[in-house]
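I opened a new structure today and kept notes as I went. Each entry records what I looked up and what I found.

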Amino acid sequence: MVSHARFQQFSSKNKEELMSRIFYNNIKLYLDSEGKILPLAKKTMNRAEHLGAIVEHVTEPSSQQPRKGLFCWNKINRKACNGMIDACIDTGNFHIHWHCLKCGDHGSISHWEHTLWDKTSR
Ligand SMILES: [Zn+2]
């Protein structure tokens, strides 16, 4: 089970000023059959790298402390959001859920297992 209590509290407080976006990503779509990143347009490539960073962050063995912070890539009025990204693995379906504590962008990532970003299989 994943708790989104903190996020809900945040989003209701800022509903008028913020339009948070939701992303559902099958991260395998960015990869070729050998697991390498496809030659993508720059914007798509950036998205793939951001999502990959979330997967790396979540799957990194917890012995490697302190963990690096993960920051939001969203732009609000052309300024980088830079909010902290909170992410976890859903123990039910193993999707990775993430959300930005500042702007409320959030989403889930599927099919990340055994990709180049998955640190659990190393
Ligand atoms: Zn953000």
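**Entry 1: contacts and overall make-up**

I began with how far along the chain the contacts reach. Among contacts in the protein between residues at least 6 apart in sequence, 53% join residues at least 24 apart. I kept in mind that this is a predicted model. I then counted the elements and found two helices and six strands. Along the sequence they follow the pattern α-β-α-β-β-β-β-β. The protein has 122 residues, and 20% of them count as buried.

**Entry 2: confidence**

Next I checked the pLDDT. The average for the protein is 84, and 79% of the residues score at least 70. Which elements of the protein have the lowest and the highest mean pLDDT? Helix α1, residues 5-13, has the lowest mean, 48. Strand β6, residues 106-110, has the highest, 97. Over residues 5-16 the pLDDT is below 50. Beyond near neighbours in sequence, that stretch has eight contacts in the model.

**Entry 3: helix α2**

I moved on to α2. This helix has 18 residues. From its first C-alpha to its last it reaches 25 Å, close to the 26 Å expected at 1.5 Å a residue. Which residues of α2 are buried? I found L51, G52, I54, V55 and V58. They lie on the same side of α2, because they cover an arc of only 155° around the axis.

The face of α2 turned away from its buried side carries the exposed residues K42 and N46. What covers the buried residues of α2? The cover includes β1 (22-26), β4, β5 and β6.

**Entry 4: the core**

I looked for the largest nonpolar core. It has 16 residues. Those with the most contacts inside it are I54, V55, I96 and I109. The elements α2, β4 and β5 each supply at least two residues of this core. Helix α2 gives the most, with four residues.

I96 came up first in my notes. Not counting residues up to four places away in sequence, I96 touches I54, V55, V58, A87, I89, S108, I109 and W112.

V55 came next; it lies in helix α2. Is V55 buried or exposed? V55 counts as buried, because it has 23 C-beta neighbours inside 10 Å, and the cut-off for buried is 20 or more. Leaving aside neighbours within four places in sequence, V55 is in contact with I27, I96, I109, W112, T115, W117 and D118. V55 and D118 are 63 residues apart in sequence, yet 6.3 Å apart in space, C-alpha to C-alpha.

**Entry 5**

I went to the strands β4 (residues 85-89) and β5 (residues 96-100). They pair in the antiparallel sense over five bridges. Which residue of β5 stands opposite I85? I found C100 there. The hairpin has six residues between the strands. In this hairpin F94 takes a positive phi near 65°.

**Entry 6: other positive phi values**

N82 sits in the loop between β3 (79-80) and β4. Its phi is near 60°, a positive value in a residue other than glycine. N82 counts as partly exposed, because it has 14 C-beta neighbours inside 10 Å.

H114 lies in the segment after β6. The phi of H114 is near 65°, again positive in a residue other than glycine. H114 counts as exposed, because it has 11 C-beta neighbours inside 10 Å.

**Entry 7: a loop residue**

My last stop was E34, found in the loop between β1 and α2. How many C-beta neighbours does E34 have inside 10 Å? E34 has 6, so it counts as exposed. I also looked at E34 and T115, which are 81 residues apart along the chain. Their C-alpha atoms are separated by 9.6 Å.

Terms used: Residues numbered from 1 in each chain as written. Predicted model: local features only at pLDDT ≥ 70, side-chain atom pairs only at ≥ 80, totals over all residues. Pairing = 2+ DSSP bridges. Core = buried A, V, L, I, M, F, W, Y, C linked by C-beta atoms within 7 Å. Buried ≥ 20, exposed ≤ 12 C-beta atoms within 10 Å, placed from the backbone. Contact = placed C-beta atoms within 7 Å. pLDDT = per-residue confidence, 0-100. Expected span 1.5 Å × (residues − 1). Arc of directions from axis to C-beta.
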